[in-house]
Amino acid sequence: MHDDDHIPDDLAGLYHDGHVRSIITSYGADHHDAPTGSALLADARTLPRPVVSLPVDRWGPDTTGRNATVRRQVMSTPGARRLARHTAEKARLLLAALPTWAGNEVMRVDVHVVGDHGHRRSVALADEIAAHLRAYGIGCLVEHRHLHHPAPIPKEGRS
């Protein structure tokens with residue numbers, strides 16, 4: 001066991017609750033259990049599917065949007081960086097306006113990022129949105145709802 005094995009993926013969870021101003025949830029629409037509640041929606045399905053240039057023998061559970069190679073390929077598809085930047089900017093603007101609407105009540109602006117299966121595009125995009133928010137000084141948590149779930153069987157393939 002390495003010393004860094006105990007470090008959580010998302011260090012924002014180490015801060016007090018008031019620091020977390022956004023929860024970003026990636027998910028796959030094909031799983032039919034979208035997150036509920038008010039949130040900005042970023043639709044990763046509008047992005048072209050990236051051609052993942054990993055050798056077939058290296059495909060496995062780590063070939064998700066958390067894999068550095070896959071994330072770079074997703075984020076290099078046309079429109080990906082713009083979608084991440086614009087979604088983060090919308091969240092930042094809403095958070096800036098919240099004191100006017102909510103007074104002293106601590107409020108969040110959550111973001112839901114939808115993909116087909118919730119493995120690559122939505123995951124990479126959610127992590128990129130989080131990077132933008134953190135650069136603005138906004139604490140956020142990222143949840144990848146379907147990251148390790150198998151891809152659903154298409155309806156026509158079910159018996």
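Here is a tour that goes from model confidence to strands, then a helix, then salt bridges.

First, the ground rules. This is a predicted model, so to speak of a local feature here takes a pLDDT of at least 70, and side-chain atom pairs count only at pLDDT 80 or more, while totals for chains, interfaces and linings use all residues. Residues are numbered from 1 along each chain as its sequence is written, and side-chain values use heavy atoms, with hydrogens and water left out.

How confident is the predictor? The pLDDT is its confidence in each residue, on a scale from 0 to 100. The chain's mean pLDDT is 81, with 71% of its residues at 70 or more. Contact here means heavy atoms within 4.5 Å.

Now the strands. Helices (H or I, at least four residues) and strands (E, at least two) are DSSP runs, numbered from the N terminus. Two strands pair if DSSP finds at least two bridges between them. Take β3 as the place to begin: β1 pairs with β3 in the parallel sense over five bridges, and β2 pairs with β3, also parallel, over four. If you want landmarks, Ser 26 has Val 113 as its bridge partner in β3, and Leu 40 has Val 111.

Burial comes next. Buried means under 20% relative accessible area, exposed means over 50%, and partly exposed is in between (1.4 Å probe, protein chains only). Five of the five residues of β3 are buried, so this strand is largely enclosed by the rest of the structure. Both of its faces are covered, with Val 111, Val 113 and Gly 115 buried on one side and His 112 and Val 114 buried on the other.

Ser 26 deserves a stop of its own. This serine lies in strand β1, residues 20-28, and is buried at 0% relative accessibility. Its side chain makes a polar contact of 2.7 Å with that of His 144. A polar contact is a pair of N or O atoms within 3.5 Å; within protein, one must be able to donate a hydrogen and the other to accept it, and residues adjacent in sequence count only if both atoms are side-chain atoms. Leaving aside neighbours within four places in sequence, Ser 26 also touches several other residues, including Val 113, Ser 122, Val 123 and Ala 126.

Strand β4 (residues 139-144) holds Gly 139, which is buried with a relative accessible area of 3%. Beyond four places in sequence, Gly 139 is in contact with His 19, Val 20, Arg 21 and Ser 22. The C-alpha atoms of Gly 139 and Ser 22 are separated by 6.7 Å, although the two are 117 residues apart along the chain.

On to helix α3, residues 121-135. Its 15 residues reach 21 Å from first C-alpha to last, close to the 21 Å expected at 1.5 Å a residue; that expected span is 1.5 Å times one less than the number of residues. Of those 15 residues, 11 are buried, so α3 is largely enclosed by the rest of the structure. Among the buried ones are Arg 121, Asp 127, Glu 128 and Leu 133. After the helix comes Gly 137, with a positive phi near 85°.

Which charged pairs hold our interest? A salt bridge is a side-chain nitrogen of Lys or Arg within 4 Å of a carboxyl oxygen of Asp or Glu, and a search of the whole structure finds eight. Glu 128 forms one with Arg 71, the closest N and O atoms being 2.8 Å apart. This pair links distant parts of the chain, with Glu 128 in helix α3 and Arg 71 in helix α1, 57 residues apart. Glu 128 counts as buried at 14% relative accessibility, whereas Arg 71 is partly exposed at 25%.

Asp 116 and Arg 49 form another, at 2.5 Å between the closest N and O atoms. Asp 116 lies in the loop between β3 and α3 and Arg 49 in the loop between β2 and α1, so the pair ties together parts that are 67 residues apart in sequence. Asp 116 is buried at 18%, while Arg 49 is exposed at 56%. Arg 121 joins them, as Arg 49, Asp 116 and Arg 121 are linked in a network of salt bridges.

Note on methods: pLDDT = per-residue confidence, 0-100.
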